[in-house]
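User: Hi! Could you walk me through a few side chains in this model?
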Amino acid sequence: MLLAVFLLLLSAALIYLACEWFINAVEWLGARMQVGTVAVGSVLAAVGTALPESVVTLVAVLLPGSDPEARDEIGIGAAMGGPLVLSTIAYAVIGAVLMLVHRSAKVRPAGSDELLEDQGWFFVIFIAKLVLGIVVFSWKPWLAIAFLLAYALYVHRELRSAKVDGAHSDEDLEPLRLQPKRGRPATWAIAVQTVGTLAVIFAASQLFVIQIESIGPQLGLAPAVTALLLSPIATELPEVLNAVIWVRRGKSELALANVAGSMMIQATVPSAIGIAFTPWHFTPTVTLAGVMTLVSIALMLLLGRLRKLTAGTMLIGVALYGAFFVGMLILQ
């Protein structure tokens, strides 16, 4: 247990440092590719930071194991638990950091209007994802294709934003860490730093997940509970840490876009894997996770329409995650 805790702390520190370098690189990548500012967070950064949870689902359902049913539970739980953590804990963390930076609970995060559009997409797709986990029919696996197409359409829409809003500017960017003395870094350096930091984030996240999964049985937790409660916290760590870094730098629009973009990936890509290769039939605990995710996003959409989405109201996510935790204990 002590070794697992040490490795948890070590991997968390590695993820944070890698995220610092990754954010630095991905902003330069967005400027070089002439991608819109929001798309830097919702597509470029999200694709990188969503890799760990996608791999957890892929490995759980495709690689052979001693207990296929338990592995299916882990895969489904990871696909459903990620959006729950992001829609509650991640947004609450953004709210808390905004409050610390601005010393006010009433400050509205920059980029909240674009966030509402993205979350509207997510809300519709996630309802379909949840309904498919409740009903049973033979041709369900074929619907995995529809989820992949939905994500492709979302990416196309996000990338088109550069034509309307303008490309991400490199005027106020910090020098690339690999070339700190150059005003405009070389393309190869941007690519090396992006890929290298992603490799570190991926490896450290996998180490984090392995320790979490080893601690679960020692605490007497079932595989589905570990997948829903512990693994998502580990796999969503890059998004949460990215959000903290970006908000501290006054770029809350990028923080919100990264979380929203990661949620869109998790609503589609891991779901497509799960729908194609597992029965995709939810236990009551998994269904509860899906319902609480929808409740969280519905509240965010409502607060946004009322112009009351502020740093303070974003902390509601903590209460919603707490409600899920209590409900999960009752259902066990």
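User: Let's start with Tyr151 and Tyr154: buried or exposed?
Analyst: Tyr151 is buried, and Tyr154 is too; buried is under 20% relative accessible area, exposed over 50%, partly exposed in between, using a 1.4 Å probe and protein chains only. A quick note: this is a predicted model, where local features need pLDDT of at least 70, side-chain atom pairs count only at pLDDT 80 or more, and totals for chains, interfaces and linings use all residues. Residues are numbered from 1 along each chain as its sequence is written, and side-chain values use heavy atoms, leaving out hydrogens and water.

User: Thanks! Where do Tyr151 and Tyr154 lie?
Analyst: Both are in helix 6 (residues 144–165), three residues apart, about one turn of the helix. Helices here are DSSP runs of H or I with at least four residues, numbered from the N terminus.

User: New topic: where is Gln193?
Analyst: Gln193 belongs to helix 7 (residues 187–218), and Gln193 is buried, with a relative accessible area of 3%.

User: Which side chain makes a polar contact with the side chain of Gln193?
Analyst: That of Asn24, at 2.9 Å. A polar contact is a pair of N or O atoms within 3.5 Å; within protein, one must be able to donate a hydrogen and the other to accept it, and residues adjacent in sequence count only if both atoms are side-chain atoms.

User: And what is in contact with Gln193, leaving aside neighbours within four places in sequence?
Analyst: Trp21, Asn24, Ala25, Leu176, Arg177 and Leu178, with contact meaning heavy atoms within 4.5 Å.

Notes: Helices (H or I, at least four residues) and strands (E, at least two) are DSSP runs, numbered from the N terminus.
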